[in-house]
Amino acid sequence: MLKVENLSISFQTDEGMITPVQNVSFAVQAGRTLGIVGESGSGKSVSTKALMKLLPGNSRVSDEARMTYTDKAGREVRIDQLRPKGRDIRRLRGGEIGMIFQEPMASFSPVYTIGNQMIEAIRLHQKVTKKEARAQAIAMLDKVGISNPVGRVDQYPHEMSGGMRQRAMIALALAARPALLIADEPTTALDVTIQAQVLELMADLQRDLGMGMIFITHDLGVIAQVAQDVAVMYLGTIVESGPTADVIRNPRHPYTQGLLKAIPSLDALHDRLSPVPGDIPSPNERPTGCPFHTRCSQRLQGLCDQQLPPTVPLGPNRSVACWLETPEHRTGAEVDAQQQIKQQEPAQ
Ligand SMILES: Nc1ncnc2c1ncn2[C@@H]1O[C@H](COP(=O)(O)OP(=O)(O)OP(=O)(O)O)[C@@H](O)[C@H]1O
């Protein structure tokens, strides 16, 4: 339902031009969740803001970028060609593509009741009376697990607890019945028990409503719970992508391997966690060659520090951008195993 190709995003800053997103491509399949994972500053949020045309004035999207969305009526919309303030993008926002954020107060106005804001969102995209819209709002609050929705619909955002507000924000985004939902770290501000409930709720709703979803997080553990597909981002590039189960079972990029080693396990409480050493460089100090080579223990001197690795296909919808995975550098045993897998895969 959504295909993003060759997306690069630059910002004009006091220190000059920076390009925090470089040549990113990904796709979201209808009815599936794509998780985008990466450390702070890897470019997750700005990539999805480009989809909603919500980037600030000092930004520039590359001319080569293609963002193609197939709307509910089956029409292809080239988002990259829409004007940021035009009617077409307003039609897309909310009604076709919904968005929820880490901080619910970014979605709600503090001066209107939850119900009024939901009714407005519903009536913006559907021809229904106020009374019908109110009934839909109550039903949606009920669906996201808010008890006493008839009473709560008339409350103001500040009258709700953090977890409830998060649910109300999900209800607000879903009220417009989007076909694609972008969720940007929607549970990071919540305590772990509420986080688990909200994640479960989102996975259920996504399945029930058959929505496509992009779920942004820095936590690979969260991805495992909600996303069928994953794209791992590092310093503005996608370093590995594929079906979540494959990527987690058999991570091929040293960065993905590092992220997985950094997840605490209840079975190994006495083991030391091994976080990825060092910090992500800032976009204006992007290393030459592979962006990850400065932190990679497996780097090939003279290659990884000088040349950008190619994206190596590993199977259907599965790829990695790492020199170690190119045929010239893979060991013989790995190449044999890879060829065997390829032979077993059904022809496309
Ligand atoms: N308005 C802006 N002007 C200049 N640079 C910006 C602007 N917005 C974002 N950036 C740059 O883009 C980079 C990526 O930001 P982005 O918010 O997409 O990261 P992220 O991966 O979503 O991180 P986080 O998890 O912290 O939200 C940042 O490091 C910052 O340098």
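Visitor: How do the residues of the shell around the ligand divide into nonpolar, polar and charged?

Guide: The model before us is a predicted one. Its ligand shell divides into five nonpolar, nine polar and one charged residue.

Visitor: Which residues come nearest to the ligand?

Guide: Of the 15 residues around the ligand, the nearest are Phe11, Pro20, Ser40, Ser45 and Val46.

Visitor: Let us turn to the packing of helices. How is the relation of H3 to H6 to be read, beginning with the angle and the distance between their axes?

Guide: Angles under 35 degrees count as roughly parallel. Helix H3 (residues 114-125) packs against H6 at an angle of about 20°, and their axes are 8 Å apart. H3 is therefore roughly parallel to H6. The crossing in which H3 passes H6 is right-handed.

Visitor: Which residues make this contact?

Guide: From H3 come Ile114, Gln117, Met118, Ala121 and Ile122, and from H6 come Ala168, Ala171, Leu172 and Ala175. By class, the residues of the contact of H3 with H6 are eight nonpolar, one polar and no charged.

Visitor: At what angle do H4 and H6 pack, and how far apart are their axes?

Guide: Helix H4 (residues 130-143) and helix H6 (residues 162-175) pack at about 135°, with 9 Å between their axes. H4 and H6 are therefore oblique to each other. H4 also passes H6 in a right-handed crossing.

Visitor: Which residues of H4 and H6 meet?

Guide: In H4 they are Gln136, Ala137, Met140 and Leu141, which meet Ala168, Ala171, Leu174 and Ala175 in H6. The contact of H4 with H6 comprises seven nonpolar residues, one polar and no charged.

Visitor: How do the axes of H6 and H7 lie?

Guide: The axes of H6 and helix H7 (residues 192-209) come within 10 Å and cross at roughly 15°. H6 is therefore roughly parallel to H7. H6 passes H7 in a crossing that is right-handed.

Visitor: Which residues of H6 and H7 make the contact, and into which classes do they divide?

Guide: H6 contributes Gly163, Gln166, Arg167, Ile170 and Leu174, while H7 contributes Ile194, Val198, Met202 and Leu205. The residues of the contact of H6 with H7 divide into six nonpolar, two polar and one charged.

Visitor: Finally, the domains. What does the domain assignment of the chain give?

Guide: The assignment gives domain 1 (2-234) and domain 2 (251-344). Taken over C-alpha atoms, the centres of domain 1 and domain 2 are separated by 30 Å.

Visitor: How many residues of domain 1 and of domain 2 are in contact?

Guide: Twelve residues of domain 1 are in contact with eleven residues of domain 2. On the side of domain 1 that touches domain 2, the elements giving two or more residues are strand E2 (16-28), helix H8 (220-226) and strand E10 (229-234). E2 gives the most to that side, with four residues.

Visitor: Which classes of residue are present on the side of domain 1 that touches domain 2?

Guide: That side has five nonpolar, five polar and two charged residues.

Notes. Residues are numbered from 1 along each chain as its sequence is written. This is a predicted model: local features need pLDDT of at least 70, side-chain atom pairs count only at pLDDT 80 or more; totals for chains, interfaces and linings use all residues. Axes are lines fitted to C-alpha atoms, for helices over the stretch in contact, and angles run from 0 to 180 degrees between N-to-C directions. Angles under 35 degrees count as roughly parallel, over 145 as roughly antiparallel, 65 to 115 as roughly perpendicular and the rest as oblique. A crossing is left-handed if the near helix is turned anticlockwise from the far one by less than a right angle, and right-handed if clockwise. Two residues are in contact if their C-beta atoms, placed from the backbone, lie within 7 Å. Ala, Val, Leu, Ile, Met, Phe, Trp, Tyr, Cys and Pro count as nonpolar, Asp, Glu, Lys and Arg as charged, and the others, Gly among them, as polar. Domain bounds come from an automatic or database domain assignment. A residue is near a molecule or strand if its C-beta atom, placed from the backbone, lies within 6 Å of it.
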